[in-house]
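Hi,

Here's the structure I promised to send over. Have a look first, and then I'll run through what turned up.

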Amino acid sequence: MQELIKAIGLGLVVLLPLANPLTSVALFLGLSGEMNFAERNRQAFQASVYVFLIMAVAWYAGNAVLNTFGISIPGLRIAGGLIVTFIGFSMLFPAQKMHNTPEVQHKKDEIDHAPSPETKVNIAFVPLAMPGTAGPGTIAMIISSASTIKNGDFPAWVIHIAPVATFILVSLLLWICLRSSGAIMRLVGKGGIEAISRLMGFLLVCMGVQFVINGVVDVVTHLK
């Protein structure tokens, strides 16, 4: 049980800076202003389910995709590290506000031009689940971690249970944050969310650089 808790904790430490539920809260608040309480809750639940499915597919089918296209693990680590580093820098030094991103603008246009209140606009998959929470950096991190952890020191039963449990916890945390989005925004304010986002960005830059270093080390070791 201790090994399971350790593996789940490691997964949360790796995924939460990438998923960054507080950023999704700001995104959700910007897009759900015209929705009623029931519709907001429905969108929050759907987004959480989509995030779980995206992460599970990346974990279980990611390596099959790599094998199909002939992508090596060191190559994935370097590419994933570059993506994670880029995302981290964009969070540290945002070039545009979250509500100005193309995905959000597209959804806002759909909402603004909705012909009637009965027309429901779904924001759960795009942009909340992808790229808001389970974006390219998260997917790359999961695929690379799948290859690394399977060769690690965790027992087989932990490797089977821990990823699913971690994905469930991340999705559950996202659902709680979205359901409590109004209270969270009032509590920390926009400045607080931006400060947390920058802290997460710094952690992502560090993780991305380490990913690149690991990938380069693997290539050098393979060439020797």
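How many residues apart are E39 and R42 in helix α3, and what does that make of their separation in helical turns? This is a predicted model, by the way. The two sit 3 residues apart in α3, which spans residues 37-69, so about one helical turn lies between them.

The rule in use puts the cut-off at 4 Å, and the count under it comes to 1 salt bridge. As background, side chains of opposite charge can pair when their charged atoms come close.

How about burial of the two partners? E39 has a relative accessible area of 11%, so it is buried, the limit being under 20%. R42 comes out at 31% relative accessibility and counts as partly exposed.

The other thing to look at is a helix pair. Helix α1 (residues 2-19) packs with helix α7 (residues 136-149) at an angle of about 165°, and their axes are 9 Å apart. Because angles over 145 degrees count as roughly antiparallel, α1 is roughly antiparallel to α7. The crossing of these two helices is right-handed.

Cheers

Technical notes. Residues are numbered from 1 along each chain as its sequence is written. This is a predicted model: local features need pLDDT of at least 70, side-chain atom pairs count only at pLDDT 80 or more; totals for chains, interfaces and linings use all residues. Side-chain values use heavy atoms; hydrogens and water are left out. Axes are lines fitted to C-alpha atoms, for helices over the stretch in contact, and angles run from 0 to 180 degrees between N-to-C directions. Helices (H or I, at least four residues) and strands (E, at least two) are DSSP runs, numbered from the N terminus. Angles under 35 degrees count as roughly parallel, over 145 as roughly antiparallel, 65 to 115 as roughly perpendicular and the rest as oblique. A crossing is left-handed if the near helix is turned anticlockwise from the far one by less than a right angle, and right-handed if clockwise. A salt bridge is a side-chain nitrogen of Lys or Arg within 4 Å of a carboxyl oxygen of Asp or Glu. Buried means under 20% relative accessible area, exposed over 50%, partly exposed in between (1.4 Å probe, protein chains only).
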